[in-house]
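Colleague: I have a model open on my screen and would like to learn how to read it. Could you walk me through a few features, starting with charged side chains?

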Amino acid sequence: HQGRVYRVRPSGAGELIWTAEKPEVFAVAVDRRGTLYAATSPHGKVFRIKDGKATEFFNPRTTYIWSLLFAADGTLYVGTGGEGKIFRVDAAGHGELYYKTGQLHVTSLALDARGRLLAGTAPNGILYRISAKGKAFVVYDANLPEIHALTVRKDGTVYVAALGGSIAKRTAAARAAPAKPKRVTAPATSVTVRAAQGGIKLKPKPVKPKPVAPAAAAAPVTPLVQVTGVETSALYRIRPDDMVDTLWSSTTENAYDLLVAGPKILFSTDKHGRVYELDAQRK
C-alpha cells in the first residue's frame, strides 16, 4: 500500500525508481522503445516513467487499473475495474473504449498468436478474445471466479491461472443463510478492493441511508475466509482449437502468475511463496 515501482537489474540489485501519489500500483508495462508505464489505483491514471520522472499519460476515469499491455504496433491496452472496461490508447495518450466486458474487473490481458486481445475477468471467470472494437468471443467460462493471469505460447496455446474458488463458495453460503426480517437503516458504505489471498474482494458501492421495509431480510455479515475442501485455484491449457485441459488444481493454494519456460510451465502461489515447475507429463 505504498504505491512504489522498483527496478531489478540482471545482477539482482534492486532500486526504487518512483513513488506514486496513490497507494497501489497494480500494473506495469514497457513499450518497444523501453519506456516504462505504470498504472495507479484507486481512481488512478497511467503514467509514463522516464529518468525517474513520471508524467500523466492516460486517465481512464475508472476506479481501478488492473492490467496494462502493449501490442506490437505500440497500442496500449488498459484493463480496468469497477465497470470491467478495456481502453485502447495510442502513442500520444489518446484513448477510447475498446470493449466493455459486462464483468466488474479486467484482471489480465495478453495477445494470442494472431495478435488478438485476450482478457481475463472477474467475478465470473470469463476469458474473452476481442478481435475488433466492440467485438468479442467467449473463449472459456471457468468454474472459478477470477482469471488472474494469462500467457501464450508461440503455437497459439493459451495458459490460464484462475483462483478464488473458496471465497466464492463462502460468499454463496452467506447469501443462502436465513435472516429474520426486521426494520433497519442501511448505513453508508464504501468500496474496498484489494489484491490479497483469494483474489479480488469487494464491498458494496456507496449508498445513501434509507429505511428498509419490514419484510426485507437483513443480509448476514460473513467474513471472507478460506474454506477448506473446495477447489481454490487451477491452471488451464487452451489449445488453438479452443479445447480446454486442466493441468493443475489445488484446494489449498492460489496460483497468481505463470510463465512459459520451454516445454515447462512455471507458476507462483501464495502459500509459503512457492514457485512450481510443471512438466509436459503434468508433474
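Modeller: Gladly. A salt bridge is counted when a side-chain nitrogen of Lys or Arg lies within 4 Å of a carboxyl oxygen of Asp or Glu. Keep in mind that this is a predicted model. Here the side chains of D245 and R237 meet in such a bridge, at 3.2 Å from N to O.

Colleague: Which other residue forms a salt bridge with D245?

Modeller: That is R239, whose closest N and O atoms with D245 are 2.7 Å apart.

Colleague: Are D245, R237 and R239 buried or partly exposed?

Modeller: Here you need one cut-off: buried means under 20% relative accessible area, exposed means over 50%, and partly exposed is in between. D245 has 17%, so it counts as buried. R237 is buried too, with 18%. R239 has 35%, so it is partly exposed.

Colleague: How many salt bridges does the rule give in total?

Modeller: The count comes to eleven. Among them, R7, R9 and E15 are linked in a network. Another is formed by K264 and E277, with 3.3 Å between the closest N and O atoms. This pair links distant parts of the chain, since K264 sits in strand β22 and E277 in strand β23, 13 residues apart. K264, at 31% relative accessibility, is partly exposed, and E277, at 48%, is partly exposed as well.

Colleague: How do strands β22 and β23 pair?

Modeller: Strands are read as paired through the bridges between them. Strand β22 (residues 264-269) and β23 pair in the antiparallel sense over four bridges.

Colleague: What is the strand order in the open sheet of four strands?

Modeller: The order is β15-β16-β19-β20, again with antiparallel pairing. The edge strands are β15 and β20 (244-250); each has a single partner strand, so one side of each is left without a neighbour in the sheet. The average twist is 20° from one strand to the next.

Colleague: Why is β15 described as largely enclosed by the rest of the structure?

Modeller: Strand β15 (residues 146-152) has five of its seven residues buried, so the rest of the structure largely encloses it. Six bridges join β15 to the antiparallel strand β16 (residues 158-163). Across that pairing, I147 stands opposite A162, and A149 opposite A161. The two strands form a hairpin with five residues between them, and G156 in the turn has a positive phi of about 100°.

Colleague: Which residues touch the most other members of the largest nonpolar core?

Modeller: A nonpolar core is a set of buried nonpolar residues joined through their side-chain atoms. The largest one has 15 residues, and L127, Y140, I147, L150, V160, Y236 and I238 touch the most other members. β14 (135-141), β15, β16 and β19 (233-238) each give two or more residues to this core. Apart from it lies another core, of 14 residues, including A27, F58, L68 and F87.

Colleague: What is I147 in contact with, leaving aside its neighbours within four places in sequence?

Modeller: Its contacts include T107, S108, G120, T121, I126, V160 and A162.

Conventions
Residues are numbered from 1 along each chain as its sequence is written. This is a predicted model: local features need pLDDT of at least 70, side-chain atom pairs count only at pLDDT 80 or more; totals for chains, interfaces and linings use all residues. Side-chain values use heavy atoms; hydrogens and water are left out. Buried means under 20% relative accessible area, exposed over 50%, partly exposed in between (1.4 Å probe, protein chains only). Axes are lines fitted to C-alpha atoms, for helices over the stretch in contact, and angles run from 0 to 180 degrees between N-to-C directions. A nonpolar core is a set of buried Ala, Val, Leu, Ile, Met, Phe, Trp, Tyr and Cys residues joined through side-chain atoms within 4.5 Å. Contact means heavy atoms within 4.5 Å.
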